[in-house]
Amino acid sequence: RTRAAAAAAASTDGASTPPRFDYDALFARGRRGGAVPTFAAPMEGLGDARFRVALAANGAGGFDEACREFIRIPGALPNGADPTKLVKNLCANYDADELRFSATARVPLGAQIMGSEPWLLELAARHLATEKSAPRIDLNCGCPANVVTGKGAGSSLLRDPEYVYACVKAVADGARGSGAHVTMKLRSGYDDSSLLRENLLAAREAGARFVSLHARTRAQGYSGRANWEEIAFAKDVLDIPVLGNGDVTSPQRAAELLRVSDADGIMLGRGAVQDPLIFRRIAATVSRDAQGVVRVSDDVFEREFEVELVIDFLRTFAAEVFKTENKPNGKRGSGVQAQELETFKVGKIKSIVKYLFAGNPNLLPHMKSVMQLDPTKTSAEDVLRTVETLVRAEWQTPQNVLVDAFSKRNQYT
């Protein structure tokens with residue numbers, strides 16, 4: 001079929017199949033004076049299930065949807081592998097109900113897949129849509145890591161819009177008839193943004209229902225500033241919703257992104273680690289009326305209340321970490337296993353502290369002492385108590401500072 005026919009088919013399918021989650025109503029709400037739609041971004045390594053559960057705060061975390069970190073789909077079928085079993089195993093850890101806290105408190109969780117072989121992407125999308133009940137299946141076209149792009153996946157797809165089309169279409173074909181939304185998360189480009197228009201149109205014509213644009217190129221990595229004008233460009237090019245992503249660290253920055261780009265919603269990643277209350281702040285203070293006027297009011301949280309919310313986040317995260325029973329190397333002696341597990345728990349707490357303290361001027365001077373705590377001498381519970389004490393004494397509302405602790409490599413060549 002031609003691209004136009006494929007796009008028409010995808011549009012008809014989306015209209016005739018009831019969605020598992022009504023994203024269209026969500027975007028409409030944000031255009032009619034309601035809260036601006038916000039999405040918790042997929043983050044490999046840092047933004048795992050433990051972090052998402054803590055951030056969601058039993059459904060009161062302030063964001064409308066989260067997306068799981070990417071499921072890596074191989075670029076070729078391993079010798080002798082059964083493709084159906086392979087895909088089933090790769091997708092085993094995705095749980096659409098991960099953020100269901102009660103019958104009425106639930107945050108939808110999208111699935112993200114990353115790969116470069118269309119037929120395997122289609123198979124994975126079909127499994128996630130039909131067997132795992134994913135409300136949304138997102139294609140990763142944004143990861144800048146060399147280990148990913150070297151295999152033709154992630155942001156390397158952006159070098160060829162035809163490849164983008166083929167991969168998004170494969171995902172759309174796999175999800176067809178299921179009620180799952182098909183989307184794409186992309187960067188502005190690989191080395192530059194010269195193919196941004198072509199890549200956006202390829203995704204739309206292949207069946208993407210909306211896109212999320214991290215307004216940096218792959219070459220930039222996480223350095224420099226996100227170019228929100230490129231999100232505005234995407235809005236001009238497309239007739240589907242566009243989420244803006246990059247450098248949103250406060251309600252003021254969220255409002256500025258909306259004014260510059262007219263994005264339909266905002267996706268946040270690293271900013272939510274340095275300020276776990278940022279989604280709640282945006283929901284409480286940022287609005288856009290039916291005429292498109294964006295307003296931001298004063299922050300609504302008193303310091304004492306804010307501190308308790310941050311400590312609740314830390315305790316929930318730690319409780320999820322402390323549930324861990326597996327150890328890095330199950331073949332070693334029980335004493336070694338116990339110490340490895342304790343080291344793992346301490347390391348997970350430190351991974352959050354690295355952001356939480358670095359983005360907070362009063363806490364920053366204490367980060368070194370926390371990071372130097374020895375897990376062979378200090379338990380994870382004691383580390384948590386130390387962090388809580390510091391937060392109670394020193395916490396202040398984070399300002400517009402984006403800490404780039406996400407990747408040691410800021411730029412990619």
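H9 and H10 sit oblique to each other. This is a predicted model, and the residues of H9 are 229-237, those of H10 251-261. Their packing angle is about 45° and the axes are 8 Å apart. Roughly parallel would need an angle under 35 degrees, and therefore this pair counts as oblique. The handedness of the H9 and H10 crossing is right-handed.

On the H9 side, the contact residues are Glu229, Ile231, Ala232 and Lys235; they meet Leu257, Val260 and Ser261 of H10. Sorted by class, that contact of H9 with H10 holds four nonpolar residues, two charged and one polar.

Next pair. Helix H7, residues 161-175, packs with helix H8, residues 196-206, at about 25°, and here the axes are 8 Å apart. That angle makes H7 roughly parallel to H8. H7 and H8 also cross in a right-handed sense. From H7 the contact takes Pro161, Val164, Tyr165, Val168, Lys169 and Ala172. From H8 it takes Glu198, Asn199, Ala202, Ala203, Glu205 and Ala206. The classes in the contact of H7 with H8 are eight nonpolar, three charged and one polar.

Last item, the cysteines. Cys67 has 1%, so Cys67 is buried. Cys143 has a relative accessibility of 15%, so Cys143 counts as buried too.

Notes. Residues are numbered from 1 along each chain as its sequence is written. This is a predicted model: local features need pLDDT of at least 70, side-chain atom pairs count only at pLDDT 80 or more; totals for chains, interfaces and linings use all residues. Side-chain values use heavy atoms; hydrogens and water are left out. Axes are lines fitted to C-alpha atoms, for helices over the stretch in contact, and angles run from 0 to 180 degrees between N-to-C directions. Helices (H or I, at least four residues) and strands (E, at least two) are DSSP runs, numbered from the N terminus. Angles under 35 degrees count as roughly parallel, over 145 as roughly antiparallel, 65 to 115 as roughly perpendicular and the rest as oblique. A crossing is left-handed if the near helix is turned anticlockwise from the far one by less than a right angle, and right-handed if clockwise. Contact means heavy atoms within 4.5 Å. Ala, Val, Leu, Ile, Met, Phe, Trp, Tyr, Cys and Pro count as nonpolar, Asp, Glu, Lys and Arg as charged, and the others, Gly among them, as polar. Buried means under 20% relative accessible area, exposed over 50%, partly exposed in between (1.4 Å probe, protein chains only).
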